[in-house]
Amino acid sequence: MPPDPIQVRYAGGIHLPGMDLWLDPHRAKSTAFVSHAHADHFAKHETIICSERTHALIRKRYGAPKSKVIPLAYGERYGFNEDYHLYLLPAGHIFGSAQIYLTRISDGATLLYTGDFKVRQSYSAELIEAEKADTLIMETTFGLPHFRFPPTEEIVASIVKFCRETLEENEIPILFGYSLGKAQEILAALTDARLPVMLHKTVYDMTTVYEQFQETLPEYTKLDFKAPGGHVLIMPPSVGRSQAVRRLRNTRTAMLSGWALQSSAIYRYQVDAVFPLSDHADYPGLMEYVARVQPKLVYTLHGYAAEFARDLREQGTEAWSILTDNQLDLDLAVDREIGEIRRDSQESRVDCEVAVLSDVSQAVAETTGKRKKTELLANYFRTLSPANLQRATLFLSGKIFIEPTQRRALGTGWAVVRKALLKVSGMNLARYRDISQAQSDAGRTTFLVLNGVTRPTAVSLTELEDVFVSLANAQGPVAKNEIICDVLGRLHPSEGRLVVQILTNDLRIGLKEGLLEEAIAQAFEQPVATVREAHMLLGNLGQTAAAAHAKTLNTLSLQPFTPVKCMLASPEPTAVAIWDRLGCESNEVWLEDKLDGIRAQFHCVDGRTELFSRDLRSLEGEFPEVIQAGQAFQDNMVLDGELIAYAEGKKLSFFDLQKRLGRKRLNGDLFFGEAIPVRFVAFDLLWCNGHSLLKEPLVERRRLLDELDLPEHFAIVPVEKAANADAIEDAFKQARLRDNEGLIAKDPQSPYALGRRGKSWLKLKKAMATLDVVVVYAEQGHGKRSHVLSDYTFAVRDTETEQLLVIGKAYSGLTDVEIEDLTEHFTKHTLGKSGNKREVEPNVILEIAFDSINPSKRHNSGYALRFPRIKAIRQDKTIDDIDTLANVRKLAEG
DNA sequence: TGAGGAACATC
DNA sequence: GTCGGAG
DNA sequence: CTCCGACGATGTTCCTCA
C-alpha cells in the first residue's frame with residue numbers, strides 16, 4: 001500500500017501543512033525553505049532553511065539576516081521534527097541553489113521541490129542531482145516543447161563571436177545578465193576566450209563572493225565608465241537604461257536569457273543581439289528531469305505550468321499546475337529582477353490598429369535618443385489615413401478630442417481605473433497592491449494585472465475614440481467603470497496598458513509634444529518650425545498633423561474663435577537682471593503690473609464673443625457677464641489679458657476669484673448679488689479687424705490696443721516705461737503697494753511669440769520672508785521619485801501649547817542628492833508608519849520660501865503657504881530655532 | 001441629508 | 001504656480 | 001535655453017456611502 005502523498009497547498013506560496021513549512025514564499029513566514037539567493041526568494045522569515053552557500057551569498061548581499069538560519073550542506077540530513085526529515089540537493093540554477101527533499105518517517109512518503117533549476121552542467125553552479133520521489137514540485141518556466149536550447153558550447157561560441165566582432169570594430173560589447181548567477185555564468189563561460197572583462201558594480205560585488213568558491217573565473221575589473229573601450233561589459237539588465245550606460249557611445253548590446261528563443265526577444269529587450277543562455281531548464285531538460293525522479297504526482301509552477309502538466313498527463317504521469325491563478329505572484333518577482341515579462345502571449349495578440357499604436361508607443365518608450373524616436377514615429381505616421389493620423393497623434397500626446405473646444409475631461413483617474421482592473425482580472429486588492437508596488441509603474445502594473453485574463457479582439461482607432469467619447473459622456477464612476485471594463489476585456493494586455501496610460505493621463509513614454517512636432521515634420525517633409533507654429537495656432541496636434549499631411553501648414557493663420565497658445569514670461573529674481581536682459585537692446589523696458597487672476601483670451605467678431613482660458617478651454621459658463629459685455633466692442637479683435645476679481649474701492653484677490661472658477665451653474669444672484677465681480681484687463685492685441693498682429697512689435701500692438709473703446713467689465717493694463725534698473729525697482733515697489741504680485745517686463749520691440757516662455761517677457765515677483773520649519777512627516781514620491789521619500793510635511797511651533805502644528809508640504813527646491821540624503825535620514829528616524837506616510841523625528845529644519853500665507857483648513861496650524869518651496873536644509877538649526885505660530889500669524893496679517 | 005473622496009482646473 | 005535636471 | 005516631470009494650495013462638481 002503506497003503512502004498518501006505529502007500534502008501540498010498553495011496560499012500565496014507553496015505550503016506544506018503537515019509540517020508547516022513554506023517553500024520560497026514571497027512574504028515573511030515562520031519557517032521557510034529558500035532555494036537560492038535571488039532577492040525575490042528571500043523574505044524576513046523567522047526561520048530560514050537554505051544551503052550554506054546560499055547563506056553565504058545572502059549574508060554578503062543583504063547583511064546578516066535577522067532570521068534564524070539553518071544552513072545545510074548538500075546531502076546533510078536534518079531532522080525537521082519527529083515525523084519529518086529533510087536534506088538539500090544542488091539545483092544547478094545558480095551557485096548555491098538547492099532542491100529540498102523531504103521524507104515523512106512514519107510512512108516513508110517523499111517529496112522533492114526543485115526551486116529554480118537547470119539540468120545542464122553550467123560553468124558557475126553545481127551540477128544538479130535528482131532522486132526518486134513520490135511527489136515532485138517543479139518549476140516549468142520553459143514548459144513548451146519549442147523551448148530547446150542549443151548546446152551550451154554553441155551558445156557560448158556565438159557570444160564570444162559577438163564580443164570579438166564588436167571589439168574588432170572598435171565598439172563595446174555589453175552583455176546583460178542578472179547580477180547574481182547569470183553574470184558569473186557569462187564570466188566563467190568567457191574564461192577560454194581570454195577577453196578583457198569589466199563588471200558593473202553590482203555584478204562586481206557579487207562576483208567577489210563567487211570567487212571565494214571558484215578558481216576558474218577569468219580576470220575582471222570594475223566597470224570604469226571613462227575607459228570602457230576594448231572590454232566586454234557585463235551588467236544587469238536593469239542598469240541598461242540608466243543614464244550612465246546610455247551615454248556610452250559605440251556600444252552593441254546583447255541580452256542573455258532563455259527567452260532569446262522567441263523571435264520577438266530582440267525587439268522586446270531593445271538590444272542588438274540575444275543569446276539563449278539560461279539558468280533554467282529547457283523543455284527537454286524538464287522532461288529528462290521528471291524521468292529521473294519518477295514521481296507519482298507532479299505539481300508545476302512558473303511559466304507554462306498548465307501546458308507542461310498537460311503534457312506530463314498525456315505521458316501517463318499525474319501532473320497539475322499548482323494553481324495557475326496564483327502564478328503571477330511568483331512570476332512577478334522574477335520579472336522584476338530580470339526585467340522580463342514572463343508569459344509571452346504574443347500568440348493571442350490580435351493584429352489591429354490599436355495593437356500597432358501600442359507597439360509604437362512601447363517602442364518609443366524603450367527607444368532612447370530623439371532621432372530614433374522621431375524616425376520611428378514618422379514612419380508610423382506615414383502609414384496612416386488622415387483621420388487615423390489625427391487620432392494617433394492625439395492619443396500619443398495623451399489627448400482625446402480632435403476639436404480643442406469640444407475638449408472634455410474623461411473623469412477617469414486611478415481610482416476608477418484600478419477598480420476596473422480589479423474587476424476585469426478578478427484579482428484581490430492585496431495582490432494588486434503587491435504588483436503595483438513591486439512595479440511602481442502604471443503601465444507595467446496594468447500589463448501584469450491584465451495578462452492572460454482578457455479576450456483580445458481587433459479594435460480600431462475609431463472604436464477607441466468612441467470609447468473615449470462615451471467615457472467623457474458617461475455620468476459617474478459606476479458607468480465609467482463599466483465602459484473601461486468592457487474595453488479592457490476586449491484588448492490584449494499590451495493594448496490595455498496603453499489605454500490605461502491614456503485614461504489616467506500618464507503615458508510616460510518620453511514623448512513630449514515637441515518630439516511629436518518633429519516627428520510630424522519629418523513624416524511629411526515640412527520644416528519643424530512651421531509645424532510648431534501651426535500647433536500653436538491650432539492648439540491641437542491632431543489637426544496639426546492633418547494639416548502637415550495635407551501640406552496646408554503655410555496657409556494657417558490666427559483665426560478668431562480658435563484660441564492660440566499664449567505667450568509666457570520667464571521668472572527673473574531682480575530688477576538688475578531684468579534690465580540686463582531687456583534694457584541693452586532697446587534702452588527701454590516696458591513694465592506692467594503682474595495681476596493675480598487667470599489668464600484669458602477674448603475673441604470678438606461682429607458682436608459674437610468668446611472667452612478662453614490659458615489652456616484653450618472655453619470660459620463661457622464661468623464668466624458670462626464678461627462675454628456679454630464684450631459684445632459692445634465696435635472692433636473685431638483677439639485680446640490677451642487677465643481676468644481678475646475687481647470691485648471699486650475694495651481689495652479683491654485671487655482667493656476671491658477662485659470661487660468663480662470651474663462653476664457650471666451660475667445662479668441668478670451669483671453675479672448680481674453676492675458674486676465676486678470680475679473684469680478682463682487686456683495687455684495685448686493679437687488680431688484686429690482682419691489682420692494678425694503676431695509679428696508686429698509690441699509698440700505697434702499696444703498702439704492699436706490703446707485705440708479701442710472699452711465696454712463695461714473691460715480695462716487695459718497701464719504701461720510704465722523704465723530706462724534703468726532703478727526705475728524697474730521703483731515700479732516694482734509701486735506694484736506691490738497696489739497689491740499686485742509684481743511686474744511683467746517686456747521688450748517693446750518684441751513680436752508675440754505663441755506659447756513661448758521666452759526672453760522677451762520677464763516676470764519679477766516679490767520675495768517674502770522665509771520660514772524655518774521642522775519636518776514631521778515624510779512620504780514616498782511618484783514616478784522617478786517612487787523610491788525616495790520626497791514629500792515633506794512640515795510644522796511650526798505653537799508656543800502656547802508647545803505643540804508642533806503643520807503648515808504645509810513641499811519637495812520643490814531640493815536637488816536629487818539632497819532628497820536621497822534626506823530619504824536615508826528619515827528612514828532611520830521613522831517614528832511610525834501609516835500607509836506611505838511616515839511620521840519622523842522632528843529633527844530636520846527646512847527654510848521655506850513662499851509667496852503668501854493664508855488662513856486654511858487644510859493644516860492644523862490654521863494656515864497654509866502659497867507656492868511653498870524649500871530654500872535650504874538648515875543643518876545649523878535645531879527644532880528650538882523654528883518659527884512660531886505667532887510669527888506666522890503676524891506674517892499672514894502683515 | 002451631509003460628510004468625504006475623486007477628478008479636474010486655476011494659480 | 002514652484003523647482004531641478006537633461007538634452 | 002527650453003522642455004519636462006514632480007511637486008504645492010485651493011476652489012467647484014459630482015458621486016458615494018453612512
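Mentor: Let us begin with a definition: a contact means heavy atoms within 4.5 Å. This is a predicted model, in which local features need pLDDT of at least 70, side-chain atom pairs count only at pLDDT 80 or more, and totals for chains, interfaces and linings use all residues. Side-chain values use heavy atoms, with hydrogens and water left out.

Trainee: Which residues does Phe 867 touch?

Mentor: Not counting residues up to four places away in sequence, Phe 867 touches Lys 765, Ala 849, Phe 850 and Asp 851. Phe 867 lies in the loop between strand 38 (863-866) and strand 39 (869-873).

Trainee: Why is Phe 867 called partly exposed?

Mentor: Buried means under 20% relative accessible area, exposed over 50%, and partly exposed in between, with a 1.4 Å probe and protein chains only. The relative accessible area of Phe 867 is 41%, so Phe 867 is partly exposed. Of the 894 residues of chain A, 56% count as buried.

Trainee: Why are helix 10 and helix 16 called roughly perpendicular?

Mentor: Angles of 65 to 115 degrees count as roughly perpendicular, those under 35 as roughly parallel, those over 145 as roughly antiparallel and the rest as oblique. The axes of helix 10 (residues 353-366) and helix 16 (residues 461-473) cross at roughly 85° and come within 7 Å. The two helices are therefore roughly perpendicular to each other.

Trainee: Which residues of helix 10 and helix 16 meet?

Mentor: Glu 353, Val 354 and Leu 357 in helix 10 meet Leu 461, Thr 462 and Leu 464 in helix 16.

How values were computed
Residues are numbered from 1 along each chain as its sequence is written. Chains are lettered from A and ligands numbered from 1 in the order in which they are written. Axes are lines fitted to C-alpha atoms, for helices over the stretch in contact, and angles run from 0 to 180 degrees between N-to-C directions. Helices (H or I, at least four residues) and strands (E, at least two) are DSSP runs, numbered from the N terminus.
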